[in-house]
Amino acid sequence: MSRPAPGSTSARFEPSGRLTGSITPPADKSISHRAALFGAMSDEPVTVRNYLRAADTESTLTAVQALGAGVDDSGEELVIRGVGLHTPAEVTGGRLDVGNSGTLMRLLPGWLAGQPGGEWTLDGDASIRRRPVGRVAEPLRQMGATIDTEQGGLPPICVRGTNLIGIDYEMPVASAQVKTCVLIAGLLAAGSTSVTEPCQSRDHTERLLARARVPFSRSGLSLTVHPVDELELDHVTVPGDPSSAAFHAVAACLVPGSRIVIEGMCLNWTRTGFFRIAQRMGAVIVGDLEEPGQESSGEEPIGELDVAAAPLVATEVLPEEVPLAIDELPLVALLGCFAEGDTVVRGAEELRVKETDRIAGVVEGLNGLGASLEATDDGFVAHGGTGIEGGTIDSRGDHRLAMLGAVAGLASRSGVEVLGMDAADVSYPGFEQDLRALIER
């Protein structure tokens, strides 16, 4: 399949004056994916407000339409007219294009696996073919589905649906995507299905299940669902994405004299792990972050954060913290370059199978800008006190690395050229303009 490869444009970011003003981050990518998928699995129309319009989430809309769902787009909101849990359509040629979306690649098989007689092949771009899907194939096989992958558990993934049987699945690695896949399959399986995580991951799926009136229970790190005939979901409002907001927050933390307000952001405690890490490092971040146990009726908490520059100290990020800050760990590395002491991240081997090997990309990229970092098998060490001199960083087609380079440039001594800045469009179209708009003129 052909599509323009990300990483074809460059942009330069000079050392900036202080950052001021307010910013509303784009809609949350994780919730947008799930809203579209749950809408497609519903019998009644589901209204989705503030859906993220980016390459990854557009792939999800295209996929659910290929499976028979209707999508009415007024610009302000989407109305998804689903096909119900049990009747996704066959696809011409049997192939579904997930683009660059690892979330879609791992969530969708859970629904398709429970459709007896159906067969679908999920494939995507060159990047997606390097991202493992064996972690969703294994539990689905245990439930009775026939799942084929390439050698090493890589895409494309072929799903042959069947009458599934519920299982008790202990996840070897905490992953909200794998958890979601198995829970969705559990809605279609005979008997109960339980998923146990080694540590907490994002809980957007559980909140949507609660809002869709799906009977499920939680005991510690274990979740149990039972089969249902339909989902009762009428609307979803998608809040601002904490992972996107984090790049602006770090810019404000690092550029002297800065103070910004982040508005309309999701404050879900399973998504704000990075902000707690940054606070521990001395960052001034003020706001009503949700605490564990404050969850209410499946709604996502939304609010604002006030962020200001301050001196930083090193920290250690432990494995149990990683799932709640996985997408922002490159920013922990950047903060560590400016902190006093050595910042250590452990238990983050998942970074090696993102859009690129993010451990290598972050360490090599920031070292090329004059920082001092060391890669480990499951993370990195950032030696503080060096800051960022400047130079050129290659995004490697990875949206997070592109945005990391831009923020590094504003905090650098001589400026940074980001190769492949357009990779940011995967999750944050307009990122460069929003970042530059905060610079005081």
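This is a predicted model: local features need pLDDT of at least 70, side-chain atom pairs count only at pLDDT 80 or more; totals for chains, interfaces and linings use all residues.
Q: How far apart are the end C-alpha atoms of helix α2, and what span should its 12 residues give?
A: Helix α2 covers residues 55-66, and at 1.5 Å a residue its 12 residues should span 16 Å.

Q: Which residues of α2 are buried, and which elements are included in what covers them?
A: The buried residues of α2 are Asp56, Thr57, Ser59, Thr60, Leu61, Ala63 and Val64. An α-helix has 3.6 residues a turn, so residues three or four places apart point the same way. The cover over the buried residues of α2 includes α1 (29-40), β4 (70-73), β5 (77-81), β6 (95-97) and α3 (102-112).

Q: Where does Asn50 lie, and what is its phi?
A: Asn50 is found in the loop between β3 (46-49) and α2. With a relative accessible area of 39%, Asn50 is partly exposed. Most residues other than glycine have a negative phi. Asn50 is not a glycine, yet its phi is positive, at about 65 degrees.

Q: Is Arg213 buried or exposed, and what is its phi?
A: Arg213 is placed in the loop between α6 (204-211) and β12 (216-219). Because its relative accessibility is 63%, Arg213 counts as exposed. The phi of Arg213, a residue other than glycine, is positive and near 60 degrees.

Q: What is the omega of the peptide bond from Pro155 to Pro156?
A: Pro156 belongs to strand β9, residues 154-160. Most peptide bonds are trans. The bond from Pro155 to Pro156 is cis, with omega near 5 degrees.

Q: How do helices α7 and α11 pack, roughly parallel or roughly antiparallel?
A: Helix α7 (residues 242-254) packs with helix α11 (residues 399-411) at an angle of about 15 degrees, their axes being 9 Å apart. The contact is made by Ser243, Ser244, Phe247, Val250, Ala251 and Leu254 of α7 together with Arg400, Met403, Leu404, Val407 and Ala411 of α11. The crossing is right-handed. Because angles under 35 degrees fall in this class, α7 and α11 are roughly parallel.

Q: What is the hand of the crossing of α1 and α6?
A: The axes of α1 and α6 come within 10 Å and cross at roughly 35 degrees. Ser30, Ile31, Arg34, Ala35 and Phe38 of α1 make the contact with His204, Thr205, Leu208 and Leu209 of α6. The crossing of α1 and α6 is right-handed.

Q: How far apart in space are Leu233 and Gly39?
A: Leu233 sits in the loop between β13 (222-225) and β14 (235-237), and its relative accessible area of 4% makes it buried. Beyond neighbours within four places in sequence, Leu233 is in contact with Phe38, Ser42, Pro45, Val46, Leu208, Arg211 and Ala212. Leu233 and Gly39 are 194 residues apart in sequence, but their C-alpha to C-alpha distance is 7.6 Å.

Q: How far apart in space are Ala382 and Gly161?
A: Ala382 is in strand β21, residues 379-383, and is buried, with a relative accessible area of 0%. Outside the four places on either side in sequence, the contacts of Ala382 include Ala333, Gly336, Cys337 and Ser372. Ala382 and Gly161 are 221 residues apart in sequence, and their C-alpha to C-alpha distance is 46 Å.

Q: Is Ser427 buried or exposed?
A: Ser427 lies in the loop between β23 (416-419) and α12 (431-437). Leaving aside neighbours within four places in sequence, its contacts include Pro26, Leu52, Ser244, His399 and Met403. The cut-off for burial is 20% relative accessible area. Because its relative accessibility is 1%, Ser427 counts as buried.

Q: Which residues touch the most other members of the largest nonpolar core?
A: The largest nonpolar core holds 74 residues. Apart from it lies another core, of 71 residues, with Leu37, Leu61, Ile157 and Tyr169 among them. In the largest core, the residues that touch the most other members are Phe274, Leu329, Leu366 and Phe431.

Key: Residues are numbered from 1 along each chain as its sequence is written. Side-chain values use heavy atoms; hydrogens and water are left out. Helices (H or I, at least four residues) and strands (E, at least two) are DSSP runs, numbered from the N terminus. The expected span of a helix is 1.5 Å times one less than its number of residues. Buried means under 20% relative accessible area, exposed over 50%, partly exposed in between (1.4 Å probe, protein chains only). Contact means heavy atoms within 4.5 Å. A nonpolar core is a set of buried Ala, Val, Leu, Ile, Met, Phe, Trp, Tyr and Cys residues joined through side-chain atoms within 4.5 Å. Axes are lines fitted to C-alpha atoms, for helices over the stretch in contact, and angles run from 0 to 180 degrees between N-to-C directions. Angles under 35 degrees count as roughly parallel, over 145 as roughly antiparallel, 65 to 115 as roughly perpendicular and the rest as oblique. A crossing is left-handed if the near helix is turned anticlockwise from the far one by less than a right angle, and right-handed if clockwise.
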